[in-house]
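Subject: The model for you to look through

Hi,

Here is the structure I promised to pass on.

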Amino acid sequence: MSSNSGFTMQRMVVGAIALAALLTVPHFLSFHHQDLLIFLTINVLAVCSYRLVTLTGEWSLIHAVMMGVGAYTVALLVNHFDLAIWFTLPLAGTAAGLVAALLCFPLLRMTQFYFLIGSFAAGEAIRLTWVEFVGVFGGTSGLRGVEAPIVFGIDFLDPIPYFYFSLSIVLLCLFILYRIENSRVGLTLHAIHWKSALAESVGVDAWRYRALAFILGSFFVGIAGGLKIHYLGSVTPNQFTVGFMVFILIWVIVGGYNKFYGPIIGVVVLTIFDESIRSFEVLRPAIYGAMLILSILFLPLGLESVPGKIKSWFGIGSPPPEPPLSDQ
Amino acid sequence: MGVVNFAHGELVMAGAFTIWLLHAQFGLGYIPAIAAAIVLVTAIGLLMERLLFRPTRSDPLAGLICSIGVLFILQVIAALIGGDGPSKQVPPPFHGTLVMFDVLRIPYQRVFSLIISAAALGTLWFFLTRSKFGWALRAVAMDREAAELQGINTDRISVIAIGVGTALAGLAGGLIAPLTNINPHMGHNVIVTAFIVTIVGGVGSLSGAVLAAILYAVFHTLVTVYFGGTIATISGLVLMVIVLIVKPTGLMGAKVSE
């Protein structure tokens, strides 16, 4: 993984082309699709930060709620202190990170299935707190009144400037996440996943690294939540149900969680797919569910494994030598 | 068995919907409708076992995700059959109220549900602890390879386990149908409660689950009466986290080696 992580010339060119495409695309989209593009950008950050949490091999069900913690922090800060977006976003991440740090003590005592269920319970308890304490969190109707920020005289209520803004924030976060994964810390997280006992035997404190991954992942998803609320203007507990958590899980797994870019492919492809079956209305979740099952059964490594599979069918680089082997 | 079925709540929903369709709409008797619900839900469960859980057995997460896919599909089917309108009601087939000592009043419908549930639980308990199948099931859950070496047909055991579990989900759907509002999304509450009860009682322990279910029902009702439903659910969830920390094996769970 770390062997081919360098910034080669080829990668830089591909990156530049992709960036140019991203910057021009919103001008050709309808208002509805511009909206969608912004949420897609924010969801990319959500899935990539989730991947950091899962690097240690533990799957949590609290990530969506952590996004909500960020969103509620922004709403409270704007409503009570009228803070600018430069302050609210880092504070949103910090709040989510702090909540995660507190939850580390009970939750990280568990592993595997118990951690999954425990994090689900803790998340649902936090979410129901927002429902219950109407005075502070506004109950089921949530908090409103977060107006689109105006920065340097640019009104962010317009989707295109806000898209550029959120894209730059998300790219910055992705860069940091990528560097974390390929740093000593990230490699240690991989070690804890694949060779837990061995890692501990050479002096790695697995608990501390799991806590670190959990807190950092929550920090970045808190920022994603902050970005979302600054665009939507209001936050409700229903935006962060276990339903949304399931979507994050689906995006990561269908995309493939073994590579850094797998979840990004997952969220992009599935969002486009979801949009293309819009006309089916009621049937939409069923089509989604069927595709989910098919992708698990036939592409267990996720969409990111597709290019590799195609390559191995045809033979890489060289002219296709023989008919593909059936069980390759 | 190491299978986490997220669609279990939706199977209960499917059972309840069958009752609504056959009993309330087409006028079939209540008892035959329950039988039909059990058959239908068991069939769905067996299909899931064969098509989804068996191929993904090596990766529990994949099975979980597949069951989420089934959850979406079942909700859509229910919405297509029943329409998106308001929640459905099934008129209770048993009328009147059982009055005991002038203070305790239980509608006969609930008495019926209580008796049938208790009977089903008794049978299940006998099945799990006293029959050869129960021993085999626990052996498979503990160590699949070792069980196979002892000559246990693990595939057959899995089929029977899922079959029994889903049949009970169908029965539960049938019993709950006249007592509650039926809608395609009713499964969510079922699965949250089921998780809490299973964890607090101890995974794989039937007596623990029953004890936890009774305790949780009393606790939830009391807190709801005095503080409201949301607080009750929050404290239930917090309770579950505490149990997970203090005694991860639950109230009655046996020691599970890592």
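How many residues does the contact take from chain A and from chain B? The contact takes 32 residues from chain A and 30 residues from chain B, where two residues are in contact if their C-beta atoms, placed from the backbone, lie within 7 Å.

Before you go further, some housekeeping. This is a predicted model, so local features need pLDDT of at least 70 and side-chain atom pairs count only at pLDDT 80 or more, while totals for chains, interfaces and linings use all residues. Residues are numbered from 1 along each chain as its sequence is written, and chains are lettered from A and ligands numbered from 1 in the order in which they are written.

Where the chains meet

On the side of chain A that touches chain B, α5 (112–132), α11 (242–255) and α13 (284–298) of chain A each supply at least two residues. The helix that gives the most to this side is α5(A), with 12 residues. Sorted by class, the side of chain A that touches chain B has 26 nonpolar, 3 polar and 3 charged residues. For these classes, Ala, Val, Leu, Ile, Met, Phe, Trp, Tyr, Cys and Pro count as nonpolar, Asp, Glu, Lys and Arg as charged, and the others, Gly among them, as polar.

Chain A

Of the 328 residues in chain A, 42% are buried. A residue is buried if 20 or more other C-beta atoms lie within 10 Å of its own, exposed if 12 or fewer, and partly exposed in between, with C-beta atoms placed from the backbone. Among the contacts in chain A with a separation of 6 or more, 77% are between residues 24 or more positions apart.

Chain A is assigned domain 1 (20–240) and domain 2 (243–328); the bounds come from an automatic or database domain assignment. The C-alpha centres of these two domains of chain A lie 24 Å apart. Their contact takes 17 residues from domain 1 of chain A and 14 residues from domain 2 of chain A. On the domain 1 side, α2 (31–54), α3 (63–81) and α7 (159–181) of chain A are the elements that give two or more residues, and the largest share, 10 residues, comes from α2(A). That side of domain 1 of chain A has 11 nonpolar, 4 polar and 2 charged residues.

Is A:F214 buried or exposed? A:F214 has 26 other C-beta atoms within 10 Å, so A:F214 is buried. Leaving out residues up to four places away in sequence, A:F214 touches A:V53, A:A100, A:C104 and A:L108. A:F214 and A:T54 are 160 residues apart along the chain, yet their C-alpha atoms are separated by 8.5 Å.

The nonpolar core

The largest nonpolar core has 157 residues, and those with the most contacts inside it are A:L45, A:V47, A:A75, A:I248 and B:M240. A nonpolar core here is a set of buried Ala, Val, Leu, Ile, Met, Phe, Trp, Tyr and Cys residues joined through C-beta atoms within 7 Å. If you click on A:V47, look for the residues it touches, including A:I248, A:W251 and A:V267.

Chain B

Chain B has 10 helices and 2 strands, and 40% of its 258 residues are buried. Read along the sequence, the pattern of chain B is α-α-α-β-β-α-α-α-α-α-α-α. In chain B, residues 24 or more positions apart account for 71% of the contacts with a separation of 6 or more.

The domain assignment of chain B gives domain 1 (8–185) and domain 2 (187–258). Their contact takes 11 residues from domain 1 of chain B and 8 residues from domain 2 of chain B. On the side of domain 1 of chain B that touches domain 2 of chain B, the largest share, 5 residues, comes from α1(B).

Happy browsing!

Notes:
Helices (H or I, at least four residues) and strands (E, at least two) are DSSP runs, numbered from the N terminus.
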